[in-house]
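Subject: Handover of a structure and its findings

Dear colleague,

Please find the structure below, followed by an account of what was found in it.

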Amino acid sequence: VVRGDERIFFLDQADELVALNSDGTLLQRYQLPHSGAYLALGTDGSIYISGNSCGSTASDFHGKVSALAPDGTHKWTVTSVNRTNGLPTPPVIAPDG
């Protein structure tokens with residue numbers, strides 16, 4: 001995702017959120033508390049990341065969503081059980097944030 005301050009955010013293969021300046025220079029790497037799959041941008045510049053953590057069986061998949069403040073600090077992580085297929089879904093931000 002590209003934020004209003006022209007910073008670019010993406011998830012790498014090591015489950016880190018990477019932040020770049022618009023010129024491509026590295027700003028920050030943030031190790032996620034779970035595997036990341038999708039990003040969403042909040043109206044206040046927060047980044048929301050959905051993904052999975054898994055247990056020992058297919059029924060132990062847990063969907064997780066984490067929020068990072070615009071300055072990169074961890075705001076929160078929530079867990080929900082996903083018993084359908086274990087695949088994460090993209091976070092959706094309501095118009096009111």
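In what follows, helices (H or I, at least four residues) and strands (E, at least two) are DSSP runs, numbered from the N terminus. The model is a predicted one, in which local features need pLDDT of at least 70 and side-chain atom pairs count only at pLDDT 80 or more, while totals for chains, interfaces and linings use all residues. Residues are numbered from 1 along each chain as its sequence is written, and side-chain values use heavy atoms, with hydrogens and water left out.

The largest pocket

A pocket is found on a 1 Å grid over the protein atoms alone: it is an open set of points where a 1.4 Å probe fits, with protein on both sides within 12 Å along at least five of seven lines, and its lining residues have an atom within 4 Å of a point. Grid points are joined across faces, edges and corners, and the volume is the space filled by probe spheres set on the points. The largest pocket here has a volume of about 150 Å³. Its lining consists of 16 residues, and F9, A19, Q28, P70 and G72 are those nearest its centre. Strand 3 gives the largest share of this lining, four residues.

Strands and their pairing

Two strands pair if DSSP finds at least two bridges between them. Strand 1 and strand 2 are antiparallel partners over four bridges, with F9 standing opposite A19 in strand 2. Four residues lie between the strands of this hairpin, where D15 takes a positive phi near 55 degrees. Strand 2 also pairs with strand 3 in the antiparallel sense, over five bridges. There, V18 is opposite R29 and E16 is opposite Q31. This second hairpin has five residues between its strands, and G24 takes a positive phi near 95 degrees.

The nonpolar core

A nonpolar core is a set of buried Ala, Val, Leu, Ile, Met, Phe, Trp, Tyr and Cys residues joined through side-chain atoms within 4.5 Å. The largest one has eight residues: F9, L17, A19, Y30, L32, I47, I49 and L68. Strand 2 and strand 5 (47–53) each supply at least two residues of this core.

Salt bridges

A salt bridge is a side-chain nitrogen of Lys or Arg within 4 Å of a carboxyl oxygen of Asp or Glu. The whole structure holds five salt bridges. One of them joins D5 and R7 (3.7 Å, N to O), and R3, D5 and R7 are linked in a network. D5 is partly exposed, at 42% relative accessible area, and R7 is partly exposed at 32%.

D12 forms a salt bridge with R29, their closest N and O atoms being 2.8 Å apart. D12 lies in the loop between strand 1 and strand 2 and R29 in strand 3, so this pair ties together parts that are 17 residues apart in sequence. R29 also meets E16 in a salt bridge (3.0 Å, N to O), which links strand 3 to strand 2 across 13 residues. R29 is partly exposed at 45%, whereas E16 is buried at 18%.

Yours sincerely

Conventions:
Buried means under 20% relative accessible area, exposed over 50%, partly exposed in between (1.4 Å probe, protein chains only).
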